[in-house]
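Hi,

Here is the structure I promised to pass on. Have a look at it first, and my notes follow below.

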Amino acid sequence: MNYRKLYEDKFGIKIPKNYDIHHIDADRNNNEIKNLIMLPSKLHKALHKHIGLLSKTHIRVLVNWYKKKGIFYSPYFLGRELRDKVDTMNISTKTKKANKIRVEKDRKNYTDYAKKYNKKTNKLIDSLYEDNGIKINFISDWMPDKNKINYKLALNEIKLKDVRDNIIENLK
């Protein structure tokens with residue numbers, strides 16, 4: 001049975017458009033209801049891309065944080081803020097190390113795929129993974145160096161957005 005349908009039937013809801021069903025143990029074949037949790041799509045993607053696997057309890061904490069604060073972040077900053085939030089949680093060293101390996105492997109698979117099929121990647125998103133020498137005092141020591149944000153590039157994007165918004169506002 002489709003895990004989305006299973007989740008909807010169990011909880012008597014229709015999954016909203018911008019939500020995903022997350023497999024807590026990352027096994028898409030394990031559709032036990034205790035292994036499924038509904039997450040905002042943006043948080044779900046960031047969780048896989050920047051964090052790795054967490055317990056359902058930790059994920060619920062992140063969902064609450066996201067609804068209050070994280071929803072306002074662009075994808076570029078969400079990863080950093082998410083890592084900072086996870087740093088405040090009581091997570092075992094073993095889990096942190098396993099997550100570091102998982103995130104590095106997923107990133108390598110993505111870059112290998114892009115090279116193999118000559119796919120262009122988003123430079124701003126890629127900059128999240130560049131080791132650009134910018135040191136962030138409170139970034140997770142257990143995350144790969146490649147995940148550091150290129151703040152100069154990200155801030156330029158924000159400035160461009162502000163300029164665009166200002167032009168649009170003046171046209172009204």
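How are α2 and α5 oriented to each other, roughly parallel or roughly perpendicular? They are roughly perpendicular, because their packing angle is about 105 degrees and angles of 65 to 115 degrees get that name (under 35 is roughly parallel, over 145 roughly antiparallel, and the rest oblique). Their axes are 7 Å apart, with α2 spanning residues 41-51 and α5 residues 93-116. On the α2 side the contact uses H48, K49, H50 and I51, and on the α5 side N99, V103 and D106. By class that contact has 2 nonpolar, 3 polar and 2 charged residues.

Before the rest, some housekeeping. This is a predicted model, with local features needing pLDDT of at least 70 and side-chain atom pairs counting only at pLDDT 80 or more, while totals for chains, interfaces and linings use all residues. Residues are numbered from 1 along each chain as its sequence is written, and side-chain values use heavy atoms, with hydrogens and water left out.

Now the terms. Helices (H or I, at least four residues) and strands (E, at least two) are DSSP runs, numbered from the N terminus. Axes are lines fitted to C-alpha atoms, for helices over the stretch in contact, and angles run from 0 to 180 degrees between N-to-C directions. Contact means heavy atoms within 4.5 Å. For the classes, Ala, Val, Leu, Ile, Met, Phe, Trp, Tyr, Cys and Pro are nonpolar, Asp, Glu, Lys and Arg are charged, and the others, Gly among them, are polar.

The overall picture: the protein has 7 helices and 2 strands, in the order α-β-β-α-α-α-α-α-α from the N terminus. Of its 172 residues, 37% count as buried (under 20% relative accessible area; exposed is over 50% and partly exposed in between, with a 1.4 Å probe and protein chains only). Taking contacts with a separation of 6 or more, 51% come from residues 24 or more positions apart.

K42, L43, A46, L47, H50 and I51 of α2 meet L78, G79, L82, R83 and V86 of α4. That contact has 7 nonpolar, 2 polar and 2 charged residues.

Which residues of α2 are buried? They are S41, L43, H44, A46, L47, H50 and I51, and they pack against β1, β2, α3 (56-68), α4 (75-87) and α5. Just after α2, G52 takes a positive phi of about 110 degrees.

G79 in α4 is worth a click: G79 is buried, at 0% relative accessible area. G79 and H48 are 31 residues apart in sequence, with their C-alpha atoms 10.0 Å apart in space.

On to the strands. β1 (residues 19-23) and β2 pair in the antiparallel sense over 5 bridges (DSSP has to find at least two for a pair). H23 stands opposite L36 in β2. In β2 (residues 36-40), 4 of the 5 residues are buried, so this strand is largely enclosed by the rest of the structure.

The loop between β1 and β2 holds A26, which has a positive phi of about 70 degrees although it is not a glycine. A26 is partly exposed at 31% relative accessibility. E32 sits in that loop between β1 and β2 too, and is partly exposed at 43%.

Finally, the aromatics. How many aromatic pairs does a search of the whole structure find? It finds 2, where rings of Phe, Tyr and Trp (its six-membered ring) pair if their centres lie within 6.5 Å, and planes under 30 degrees apart are stacked, over 60 edge-to-face and the rest tilted. Y7 and F11 make a tilted pair, 4.6 Å centre to centre with 45 degrees between the planes. Both lie in α1 (residues 3-11), 4 residues apart, about one turn of the helix. Y7 is buried at 9%, whereas F11 is partly exposed at 44%. W65 and Y73 are stacked, at 6.2 Å and 20 degrees, and both are buried.

Cheers
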